[in-house]
Amino acid sequence: MWSWVLHRITGVATFFFLFVHVLDTALVRVNPDTYDRVIETYKNPLVGLMELALVAMVLYHALNGLRVMLVDFWSKGPQYQRVMLWVILAIWFVVMIPAAGRIFYNMFAGH
């Protein structure tokens, strides 16, 4: 059940990120100076942590979506759903390590 709840939460959070992203990108057409100021506010460690959370959510949502499709469309999917959950969590963890390293590098190296 928790994977279902987390799948819904990550989907909604990703939707809201995309909504805000479209709005702040649209500022470039309205007022480029305002757009530059908004982008400048994103260059702080708190936003870097939010980027890390976004990567974690999108990655989990994508991997769990593949698992859900396998459970739904593969005849043996329901039988192996718990094993597949542990596999996607392992893949998520392995992929998040370099992603987190890159985001932390960007946060603290001044990029």
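Phe 104 and Phe 108 both sit in helix 4, which covers residues 81-108, and they are four residues apart, about one turn of the helix. Helices here are DSSP runs (H or I, at least four residues), numbered from the N terminus. This is a predicted model in which local features need pLDDT of at least 70 and side-chain atom pairs count only at pLDDT 80 or more, while totals for chains, interfaces and linings use all residues. Residues are numbered from 1 along each chain as its sequence is written, and side-chain values use heavy atoms, with hydrogens and water left out.

## Aromatic pairs

Searching the whole structure turns up three aromatic pairs. In the pair formed by Phe 15 and Phe 16, the ring centres are 5.5 Å apart and the planes are at 65°, so this pair is edge-to-face. For Phe 104 and Phe 108, the centres are 6.3 Å apart and the planes are at 15°, so that pair is stacked. The rule is that rings of Phe, Tyr and Trp (its six-membered ring) pair if their centres lie within 6.5 Å; planes under 30 degrees apart count as stacked, over 60 as edge-to-face and the rest as tilted.

Phe 16 is partly exposed at 47%, as is Phe 104 at 33%. The cut-offs are under 20% relative accessible area for buried, over 50% for exposed, and partly exposed in between (1.4 Å probe, protein chains only).

## Transmembrane regions and the core

An unreviewed UniProt entry places the feature "transmembrane region" at residues 6-23, 44-63 and 83-105; such annotations may be inferred rather than shown by experiment. In the model, residues 44-63 are 95% helix and 0% strand, with the end C-alpha atoms 29 Å apart. Residues 83-105 are 100% helix and 0% strand, and their end C-alpha atoms are 34 Å apart.

The largest nonpolar core has 10 residues, among them Leu 52, Tyr 60, Ile 88 and Met 107. Such a core is a set of buried Ala, Val, Leu, Ile, Met, Phe, Trp, Tyr and Cys residues joined through side-chain atoms within 4.5 Å. Helix 3 (45-73) and helix 4 are the elements that give two or more residues to this core. Leaving aside neighbours within four places in sequence, Ile 88 is in contact (heavy atoms within 4.5 Å) with Tyr 60, Leu 63, Asn 64 and Arg 67.

Tyr 35 is found in helix 2 and is partly exposed, with a relative accessible area of 23%. Tyr 35 and Asp 24 are 11 residues apart in sequence, with their C-alpha atoms 6.9 Å apart in space. Apart from neighbours within four places in sequence, Tyr 35 is in contact with Asp 24, Thr 25, Leu 27 and Val 28.

Where is Tyr 80 placed? Tyr 80 lies in the loop between helix 3 and helix 4, and at 33% relative accessibility Tyr 80 counts as partly exposed. Tyr 80 and Arg 67 are 13 residues apart in sequence and 9.8 Å apart in space, C-alpha to C-alpha.
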